[in-house]
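Here are a few exercises to work through with the model open beside you. Try each task yourself before you read the solution.

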Amino acid sequence: SGVNASWDPFSLFSGTLQLAELDLRQATVTLPLGQGSNDSPPVNPLADFNFKPLPVNLELSRLAIDGLTIDSGGQVMAIQTLESEVSLTGNVLELRSLSLAADIVSVDGDVDLTLGNGLPVAANLNWRYRHALPLELADAAGELRLSGRVDSLTIDSTISTPFQIGSAGSIEPFSEQGAMLDLQHRSPLVEFTTGSDTWRFTEVRLATQGVPSALQLGLDTAAAGSLIPDLALTADGELAGPVLTIGQARAETTAGAMTASLSMDWLEGFRLSGDYQLLEADPELLLKRELPLNLTNLSSAGSLTLVNNAQGQTMELRLEEATATLDQYPLTAGGDLLIRDGDIRIDNLILESEANRLTVNGSYASNAEADLRWQLQAPVLEQFIPAVSAAAQGSGYLRGSLSEPRIEATFAVNDLVSDYGRAAQLQLQVR
């Protein structure tokens, strides 16, 4: 460590000590936190703060610290450089043109601190965070305005990068539970890309309350993406490190409504898992594609897992129960679907319409190529094929595109009645 100073001793005659420059190298500041009893939380280190004004005022044109370590109760913060103009008038400390650089953050601005009861403070700071962010976003930057006391701060903040977000509220750094936050955040637009998909959230309103290790969240926004229809979203949950747990979420869309409880983890890419319930949805609007069947009024319950990382995007959907209307007939379904980068794998998907049952296994690729195997038990076939009355059973496969499929099937049909004729019994092979 070392100290270099340049000062004017004659300035003392005017009641102010004037220093042109003060350089410190490899300085360490220790702020031991007072401890309460075993059954009580740590004591606020500022509770008994008392500063006696110096006999003269102080003006320092340039304070420069190269290598500053602050140890606060065992929590160490390393600052690479710190520079500022400093003045101390009575018990009012002013830092002008403050510039601070650490490993992952830099700060510059002005700070006024009154060295009295509670340490009243006023600060206007610009900051930049240079560490990796979730979802491969660029570094963050913004402005921070502080007022109040050091142990009870009022915050007015604006994030300019990577999104435009305004925040207002309070923080109590030394509460019994830890640093207690109570903030409201608003943004006109939050947009980011995961893999090949772009997500847009507009008119975002987010409430955060609690300590950083267990932060309670309340979200209200409109959202859109390439995989989802436009929707209005509300959610309540808790953020603990890289894990976000949503106790209750509801999405309202023109395609229908969905409720869900889920967990998201950003530690390695993006992972979402949880349970959902879909209410009275239009499948074509929900999937953003035309379907070969007249399927409406889709409701469903089950579990969902979505993973998006360097290896690609995977969605696994387990249908505990699904109901819909196929033409005018009620339809129920259950089974497992695995979607990986647009490819769909179907495992024991069962479709039932009253007495009829269709079981499907196979895959449907992102290039619209299908490889599906199926079995049919249909004693009331008109529920699947309107205008055809019969009892049928069969099995087979469908390969290729849905517009030009390659089909192989075997059917046994009894009591066939249609617009084209009647038959008591038919054995059909289709190739």
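**Exercise 1. Find the strand that holds L428, and decide whether L428 is buried, partly exposed or exposed.**

Solution. L428 belongs to strand β26, residues 421–430. Strands here are DSSP runs of E with at least two residues, numbered from the N terminus. This is a predicted model, in which local features need pLDDT of at least 70 and side-chain atom pairs count only at pLDDT 80 or more, while totals for chains, interfaces and linings use all residues. Residues are numbered from 1 along each chain as its sequence is written, and side-chain values use heavy atoms, with hydrogens and water left out.

Next, take the relative accessible area: buried means under 20%, exposed over 50%, and partly exposed in between (1.4 Å probe, protein chains only). L428 has 37%, so L428 is partly exposed.

**Exercise 2. Which residues form a nonpolar surface patch with L428?**

Solution. The patch consists of I407, L428 and V430, which together have about 200 Å² of accessible area. Areas come from the Shrake-Rupley method with a 1.4 Å probe, and for residues only the protein chains shown count as cover. Patch residues have over 30% relative accessible area and no salt bridge, with nonpolar side chains (Val, Leu, Ile, Met, Phe, Trp, Tyr) joined within 5 Å. A salt bridge is a side-chain nitrogen of Lys or Arg within 4 Å of a carboxyl oxygen of Asp or Glu.

**Exercise 3. Trace how β19, β20 and β21 pair.**

Solution. Strands pair if DSSP finds at least two bridges between them.

- Start with β19 (residues 312–326) and β20 (residues 329–340): they are antiparallel, with 11 bridges.
- Move on to β21 (residues 343–353), which runs antiparallel to β20 and is joined to β20 by eight bridges.
- Here D336 is the bridge partner of D347 in β21.

**Exercise 4. Which residues does L82 touch in the largest nonpolar core?**

Solution. A nonpolar core is a set of buried Ala, Val, Leu, Ile, Met, Phe, Trp, Tyr and Cys residues joined through side-chain atoms within 4.5 Å. The largest has 70 residues, and L82 is among those with the most contacts inside it. Leaving aside neighbours within four places in sequence, L82 is in contact (heavy atoms within 4.5 Å) with L63, A64, I65, L68, L98, S99 and L100.

Technical notes:
Helices (H or I, at least four residues) and strands (E, at least two) are DSSP runs, numbered from the N terminus. Patches are made of residues with over 30% relative accessible area and no salt bridge: like charges are joined within 9 Å, nonpolar side chains (Val, Leu, Ile, Met, Phe, Trp, Tyr) within 5 Å.
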